[in-house]
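Reader: I'd like to learn how to read a sheet and its surroundings. Could you take me through them step by step?

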Amino acid sequence: WLASWAYSDMALTFYGLAALYTLWKWIDENPKWLILSGMFAGLAMGIKYTSFVLPVFCILIILSFGKNLASRFTTIISYSATALLAASPWYIRNWIFMGNPFYPFAFGGRSWDSFQSEWYAGNGTGIGWNPLELIFLPFNIMMGHRDQNFFDGRIGPFFLLLIPLAVWALWKKRSTPENKALLILTAFSLLNYLILTYGVIQTDHLWQARLLWPGLIPLAIPIGFGITLLSDFDLPRFRISFTFAVLFGLVVMVTLLDNSLSLIARGPSQYAFGMELRQAYFQRMQPQYTAALKLVESTPPDAFIYFLFEPRSYNMPHKVHPDPINNNLLHDFYLFEDVNLVINDWKSQGYTHILVFTPGVDDRFTNSYSLVLPFLQLENEDGDYKLYSIK
């Protein structure tokens, strides 16, 4: 489900797992795998900033399994250089176009200031370091409770319920060749969870279950080992392994039914077999955004539309400036304070129209929005969108 959406988490998960696998192969005395692991870590670094945990973890593994101090230092240099080389195209791009290789973090950059940083950070979740809240955090994540986007990362109950089996597998396999691989995967999963926990303590923006995927998917392997060991707990009159297999099968069947009904409701086969035009399918699945596209299309070809509370801009037929973190209006008032200066700045940048997603005008924006309305002329509206021209 998540892989079909405009997210990069599945690619990040793949590169992370590949980096861990190749690093494990290096531990088994095959030095050629180290370069490949560094490349995968670098590719992950080029996808999302949250990937920083991967190269850090890999360097810790190198420190733990290296032959001697000199060898470990040399290996870390080689690994880091490979990872940076693989990630460098994106950081160089940021440096050239935005003035900061890690834009917008650490050094700010183009169109970024303290107001943007504070807005992006968001408000705290209210969890703090409350022990009870921290204990129930895994359950809240599993149930989608308080998640920013519930459907973006539903993980189901099995990961949480079967973690004890992963621990059991680590214990049972402690003297086997699989031990190092299981230990690496479990430790990486734990580190990812601890970082996410710290994140949701600080800001509600990071309360997203999908951010757990890069660390959660590798945990499936230790859990899988644990499932194969369930027969260790079988009793003469109660076979736990059989009971689990039945319950697992039922949950898989219900999940398949749920996903199948969702797929049927979407009806992609109509478009796939040519019974529905691409635009008609898009309009059926994205009616709100289709309204925005129509309003933008109704403007003159040379129009330049400034978006308020609409972060998306794909497929737009004319030149637009989206509102990526929904703060365009407040940021403009932060910069210029006076409404006349705000309007003059819009005109100086060449904006001819303003597109407003009206449900986004909550209490934080009401005052600023009411100040700019007298300078705008309503041209058209469709659904939740209003199109204004600047007087």
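Author: Contact here means heavy atoms within 4.5 Å. Axes are lines fitted to C-alpha atoms, for helices over the stretch in contact, and angles run from 0 to 180 degrees between N-to-C directions. Helices (H or I, at least four residues) and strands (E, at least two) are DSSP runs, numbered from the N terminus. With that in hand, helix H16 (residues 339–348) lies across S1, S3, S4 and S5, and runs at about 85° to S5.

Reader: Where do these values come from?

Author: This is a predicted model, in which local features need pLDDT of at least 70 and side-chain atom pairs count only at pLDDT 80 or more, while totals for chains, interfaces and linings use all residues. Residues are numbered from 1 along each chain as its sequence is written, and side-chain values use heavy atoms, with hydrogens and water left out.

Reader: In what order do the five strands form the sheet?

Author: Strands of a sheet pair through backbone hydrogen bonds, either parallel or antiparallel. Two strands count as paired if DSSP finds at least two bridges between them. Here the order is S2-S1-S3-S5-S4, in an open sheet with mixed pairing. Strand S2 (319–321) and strand S4 (376–382) are the edges, each pairing on one side only. From one strand to the next, the twist averages 25°. Helix H15 (residues 328–336) packs on this sheet and touches strand S1 (304–308) and S2, with its direction at about 100° to that of S1.

Reader: Which way do S1 and S3 run, parallel or antiparallel?

Author: S1 and S3 run parallel, joined by four bridges; Tyr306 has Ile354 in S3 as its bridge partner. By contrast, S3 (residues 353–357) and S5 (residues 385–390) run antiparallel, with five bridges. In S5, Tyr385 partners Phe357 and Ser389 partners His353.

Reader: Why is S3 largely enclosed by the rest of the structure?

Author: Buried means under 20% relative accessible area, exposed over 50%, and partly exposed in between (1.4 Å probe, protein chains only). Five of the five residues of S3 are buried, so S3 is largely enclosed. His353, Leu355 and Phe357 point one way from the strand, Ile354 and Val356 the other.

Reader: What about Ile195, and why does it count as partly exposed?

Author: Ile195 is found in helix H9 (residues 179–202). Its relative accessibility is 32%, so it counts as partly exposed.
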